[in-house]
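I open this notebook to record what I looked up in one structure.

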Amino acid sequence: MSTFSLGTQPANSAASPIQGCYLVHFDQPYRSGRHPGAQHYVGYADDIDRRIERHRKGHGSPLLAAVVAAGIGFRVVRTWPGADRHFERKLHNRHGSRICPEPECVSARRR
Ligand SMILES: [Zn+2]
């Protein structure tokens with residue numbers, strides 16, 4: 001029996017999707033009744049880049065939709081490629097600023 005496999009090579013025209021967890025840092029804290037000063041968002045996606053594109057249009061997360069609507073910018077500051085939803089839950093249980101590499105969050109930890 002042949003072990004030769006066909007058709008598993010991804011097209012090299014586009015970068016292959018990155019599946020895993022990601023940390024989003026907002027340019028300024030988002031404050032509302034339900035989210036007192038949230039500045040981070042942790043998510044899981046099969047294709048992180050595509051998910052972020054959707055977030056920027058206000059899809060996929062009520063919190064990020066509200067952040068976009070409030071005119072606050074955000075960016076992905078950390079990814080964990082290959083992480084699963086169990087890992088996402090672990091990340092949710094921590095405060096985002098404790099795992100964020102942004103200088104303002106790092107300096108806040110040292111205070
Ligand atoms: Zn941060």
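Which residues does Val24 touch, not counting residues up to four places away in sequence? I find His40, Tyr41, Leu64, Phe74, Arg75 and Val76 in contact with Val24; a contact requires C-beta atoms, placed from the backbone, to lie within 7 Å.

Entry on provenance. I note that this is a predicted model, in which local features need pLDDT of at least 70, side-chain atom pairs count only at pLDDT 80 or more, and totals for chains, interfaces and linings use all residues. Residues are numbered from 1 along each chain as its sequence is written.

Entry on the overall layout. I listed five helices and three strands, in the order β-β-α-α-β-α-α-α from the N terminus. Helices (H or I, at least four residues) and strands (E, at least two) are DSSP runs, numbered from the N terminus. Of the 111 residues, 20% are buried. A residue is buried if 20 or more other C-beta atoms lie within 10 Å of its own, exposed if 12 or fewer, and partly exposed in between, with C-beta atoms placed from the backbone. Among contacts between residues at least 6 apart in sequence, 62% join residues at least 24 apart.

Entry on the strands. I found β1 and β2 paired in the antiparallel sense over seven bridges; pairing requires at least two DSSP bridges between two strands. Leu23 has Val42 of β2 as its bridge partner. In β2, seven of eight residues are buried.

Entry on α1. I recorded Ile48, Arg51 and His55 as the buried residues of α1 (residues 48-56). They lie on the same side of α1 because they cover an arc of only 60 degrees around the axis, taken from the directions from the helix axis to the C-beta atoms. These buried residues pack against β1 (20-30), β2 (38-45), α2 (62-69) and β3 (74-81). Gly58, which follows α1, has a positive phi near 90 degrees.

Entry on Pro17. I located Pro17 in the segment before β1. Pro17 counts as partly exposed because it has 14 C-beta neighbours inside 10 Å.

Notes: Contact = placed C-beta atoms within 7 Å.
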